[in-house]
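Here is a short briefing to read alongside the model. Have the sequence and the 3D view open as you go.

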Amino acid sequence: MRVKCETCGHKALINSRNEIDPKVVDLYCTCTNPECRHYFVAKLTYSHSIAPSQLQAKEAALDYLRGLSNSERQALINQAQIAS
Ligand SMILES: [Zn+2]
């Protein structure tokens, strides 16, 4: 991950991090430009998923299957076996 100094645009190093909550982290950064040496905090936040976690997908599939009758569940299994 790259962080740029917002003052001079040079690369900055992340010195430490402070987790504000599971989706927000403060990054304590120092600019590598010897003429600048800006020390600042950048905020890293979770935004959204592009593809769901495989852990969540499996759990969602199991929840869905549990809600089906035995015959509906068997029909899906048969379709899956035909498709593979
Ligand atoms: Zn700088």
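The zinc ion is held by four protein donors, Cys5 (SG), Cys8 (SG), Cys31 (SG) and Cys36 (SG), at 2.3 to 2.4 Å; donors are N, O and S atoms within 2.8 Å of the metal (3.2 Å for Na, K and Ca), and as water is not among the atoms, sites may look incomplete. Please keep in mind that this is a predicted model, in which local features need pLDDT of at least 70 and side-chain atom pairs count only at pLDDT 80 or more, while totals for chains, interfaces and linings use all residues. Residues are numbered from 1 along each chain as its sequence is written, and side-chain values use heavy atoms, with hydrogens and water left out.

**The zinc site**

- For comparison, the ideal angle for four tetrahedral donors is 109.5 degrees.
- Along the sequence, the donor residues of the zinc ion follow the spacing C-x2-C-x22-C-x4-C.
- Strands (E, at least two residues) and helices (H or I, at least four) are DSSP runs, numbered from the N terminus.
- Cys5 is buried at 3% relative accessible area, whereas Cys36 is partly exposed at 24%; buried means under 20%, exposed over 50%, and partly exposed in between (1.4 Å probe, protein chains only).

**Loops around the site**

- Glu6 lies in the loop between S1 and S2 and counts as exposed, with 61% relative accessibility.
- The side chains of Glu6 and Thr7 make a polar contact of 3.2 Å; such a contact is a pair of N or O atoms within 3.5 Å, where within protein one must be able to donate a hydrogen and the other to accept it, and residues adjacent in sequence count only if both atoms are side-chain atoms.
- From Glu6 to Leu44 the separation is 38 residues in sequence and 15 Å in space, C-alpha to C-alpha.
- Arg37 is in the loop between S3 and S4, and its phi is positive, about 55°, although Arg37 is not a glycine.

- Asp26 is found in strand S3 and is buried, with a relative accessible area of 11%.
- The side chain of Asp26 is joined to that of Lys43 by a polar contact of 2.7 Å.
- Setting aside residues up to four places away in sequence, Asp26 touches Ser16, Arg17, Asn18, Ile20, Val41, Ala42 and Lys43; contact means heavy atoms within 4.5 Å.
- Thr30 also belongs to strand S3 and counts as buried at 15% relative accessibility.
- A polar contact of 2.8 Å connects the side chains of Thr30 and Asn15.
- Beyond its neighbours within four places in sequence, Thr30 is in contact with Ala12, Leu13, Asn15, Arg37, His38 and Tyr39.

- The chain is divided into domain 1 (3-45) and domain 2 (54-83), with bounds that come from an automatic or database domain assignment.
- The C-alpha centres of domain 1 and domain 2 are 46 Å apart.
- Ile50 lies in the loop between S4 and H1 and is exposed, with a relative accessible area of 79%.
- Ile50 and Tyr28 are separated by 22 residues in sequence and by 27 Å in space, C-alpha to C-alpha.
- Ala51 lies in the loop between S4 and H1 and counts as exposed at 56% relative accessibility.
- Ala51 and Ala80 are 29 residues apart in sequence and 22 Å apart in space, C-alpha to C-alpha.

**Helix H1**

- At the start of H1, a side-chain oxygen of Ser53 comes to within 3.0 Å of the backbone nitrogen of Leu55.
- The 13 residues of helix H1 (residues 54-66) should span 18 Å at 1.5 Å a residue, and the end C-alpha atoms are 18 Å apart, which agrees; the expected span is 1.5 Å times one less than the number of residues.
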